[in-house]
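Please open the model in your viewer and keep the selection panel at hand.

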Amino acid sequence: MITTIKKLFDFNYKQFWAKRYKKYGFDVHYCGNKGFSKKENLNQYYIDTHLFYNFVKQYINKDSRILDIGCGTGIYAELFQRERYTNYKGIDLCKEIIDTLNTNFNIINYSFEQLDICKEKIKGKHELIIMINVTQHIVDNKDFEFVMRNIKEALSDNGIFIVTDMNKDNHESYYVRRRLISYYERILNLKVKKTIDFNQKKMFMFKKNKEK
Ligand SMILES: C[S@@+](CC[C@H](N)C(=O)[O-])C[C@H]1O[C@@H](n2cnc3c(N)ncnc32)[C@H](O)[C@@H]1O
């Protein structure tokens, strides 16, 4: 118990992701389930991207400005490219991942930038912001609250924010934190609009009202 609490306070997300990159490099295991094979991870992503796209597509246009926070190895960038969306930006902590994505996606209006969402402000306004399988790894509540405010400011009027969090059956650990939807609602000062089950987690949608 004491070890777990100590680890929780010692958790350094920068080191965590740097170690993960050192071990897996630009591979599906960097973001995916390390207990799964590559094929199992890709199958899971196939299901996840379909669920996600059906959840969101009626709320966006092909030219909506899309921001993908914690874009990882670009699975959702590939989805938006496949579906012919024209304006996408991915941000991630890991510089090597960002450099590889900028080389792989040589497409006008697709860009990738290294940014620490817990410490740095997002630039510009976006009609859609997604954050998939990221918030559970932001274990510090101060960081989490900074991130939520950061996102709300970066949403355009009527902008959509899609985020995942853990189910009540998922275990917390020193690098995984589960939060209730009421916590998101309080910090964002928005009511959740829609929820679905998503890969043993929940996916939530928020819509920012036009500001008066
Ligand atoms: C589990 S992966 C999910 C990636 C992608 N959204 C997906 O579903 O495939 C979490 C990602 O969040 C990134 N990340 C973690 N903390 C971050 C932070 N503070 N700022 C920006 N990105 C962060 C990691 O580098 C990693 O790529």
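Helices (H or I, at least four residues) and strands (E, at least two) are DSSP runs, numbered from the N terminus. On that basis, colour the protein by secondary structure, and you will find eight helices and seven strands. What you see is a predicted model, in which local features need pLDDT of at least 70 and side-chain atom pairs count only at pLDDT 80 or more, while totals for chains, interfaces and linings use all residues. Residue numbers start from 1 along each chain as its sequence is written.

Of the 212 residues, 31% count as buried, that is, with 20 or more other C-beta atoms, placed from the backbone, within 10 Å of their own.

Now select the ligand and the 18 residues around it, of which Cys-31, Gly-70, Gly-72, Leu-93 and Ile-117 come nearest; a residue is near a molecule if its C-beta atom, placed from the backbone, lies within 6 Å of it. Helix H2 (13–24) and strand S2 (88–92) are the elements that give two or more residues to this shell.

Finally, select H2, whose 12 residues reach 16 Å from first C-alpha to last, close to the 16 Å expected at 1.5 Å a residue, where the expected span is 1.5 Å times one less than the number of residues.

Terms used:
A residue is buried if 20 or more other C-beta atoms lie within 10 Å of its own, exposed if 12 or fewer, and partly exposed in between; C-beta atoms are placed from the backbone.
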